[in-house]
Amino acid sequence: MLATFESTLPIFLLLVAGNVLRRLPLVDDAAWPGLEKLGFWFLYPALLFVTILNADFSGLQLDAMILALVLSIVAMGALTLALWPVLRAGGLATAPEFSSIFQTSVRWNGFMALAIAERIFPAAGIAVVALVMAAIIIPINVQSVAVVTRFADRSAPWGYVVRSVARNPLILASTAALVLRAAPFDLYGPLNQTFDLVGRAALGMGLLTIGAGLRPSEMLRPRMAVWIPVVLKLAVYPALLIGLAMLCGVTGPELRYLALCAAVPTAMNGFLLARQLGGDAELYATVTTLQTAVSFLSIPAVLTLVAYIGSG
């Protein structure tokens with residue numbers, strides 16, 4: 001566990017650095033929203049595109065892993081939606097708040113998973129993270145956009161929901177990468193290298209902007225609407241995906257790769273989605289902050305537990 005903790009420490013140090021930089025008079029406050037949009041509309045999609053396009057999936061248990069991922073997404077989405085009547089009846093969450101509870105329970109920070117995988121796993125581990133991104137980025141974003149749109153604006157027509165999904169840059173980037181992988185030709189070499197350079201910049205810049213968006217002060221007054229997605233994302237979902245993966249026959253190092261993908265906190269890009277579509281962006285930021293802080297310990301714990309299960 002200590003080795004995993006030390007391997008993930010640089011990732012969290014970058015998050016802290018981003019939060020500190022946000023508070024120093026070195027960068028104008030107005031610049032950070034621009035950097036967030038740059039990441040959401042260009043850096044993250046470019047990284048996602050080039051990672052999926054160039055990943056080597058040979059020798060992996062693709063069928064079993066994809067089956068486990070799809071089942072876990074459906075189950076987690078259904079479980080979270082099933083909580084809405086209870087939360088509404090108990091006065092624990094409004095509709096806009098629930099849209100952020102849903103997002104922070106089902107989304108995952110694939111770019112943090114990539115950064116950690118590069119430090120602690122061989123190339124196959126990075127390929128698995130890319131596979132997970134390719135397999136679930138579209139259904140997760142479709143779910144998130146649909147739920148946020150409907151709960152933030154209950155009168156929103158489904159045509160608007162469909163247009164919101166179709167315009168999502170992460171969906172467009174992952175779809176383009178999958179189409180090119182199936183094409184009978186390769187992407188032009190210099191263009192591929194260009195996307196690779198952008199992707200390298202995305203990880204560092206992305207972690208800094210994620211850190212800048214975190215709000216540690218909000219963790220001092222957490223409420224039920226904050227703790228529910230923390231438990232769902234960092235405890236329930238890892239147990240769900242790992243259990244389903246084992247039932248589907250995924251074993252060995254590949255189980256650890258999936259465990260990392262399940263254990264990372266939610267992605268900050270959902271904050272922009274909440275703000276753009278009228279969800280509770282403030283709650284989203286608070287939940288993401290608390291999840292990220294807790295995951296500093298929960299990620300090594302989950303990986304250590306899975307390694308122990310695999311060795312037994």
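Start by selecting Arg107: at 4% relative accessibility, this residue counts as buried (under 20% relative accessible area, with exposed over 50% and partly exposed in between; 1.4 Å probe, protein chains only). This is a predicted model, where local features need pLDDT of at least 70, side-chain atom pairs count only at pLDDT 80 or more, and totals for chains, interfaces and linings use all residues. Residues are numbered from 1 along each chain as its sequence is written, and side-chain values use heavy atoms, leaving out hydrogens and water.

Stay on Arg107. It sits in the loop between α5 (95–106) and α6 (110–120). Helices here are DSSP runs of H or I, at least four residues, numbered from the N terminus. Now show Gln103. Its side chain makes a polar contact with the side chain of Arg107 at 2.6 Å (a pair of N or O atoms within 3.5 Å, one able to donate a hydrogen and the other to accept it).

Next, select α7, residues 123–152. This helix has 30 residues and spans 41 Å from first C-alpha to last, close to the 44 Å expected at 1.5 Å a residue (1.5 Å times one less than the number of residues). Zoom to Ile136. A kink of about 45° lies there, shortly before Pro139 (the angle between axes fitted to the seven residues ending there and the seven starting there).

Move on to α11 (224–247) and α12 (253–263). Their axes come within 8 Å and cross at roughly 155°. That makes α11 roughly antiparallel to α12 (angles over 145 degrees).

Finish on Leu258 in α12. At 1% relative accessibility, Leu258 is buried.

Technical notes. Helix = DSSP H or I, 4+ residues; strand = E, 2+ residues; numbered from the N terminus. Axes fitted to C-alpha atoms, helices over the stretch in contact; angles between N-to-C directions. Parallel < 35°, antiparallel > 145°, perpendicular 65-115°, else oblique.
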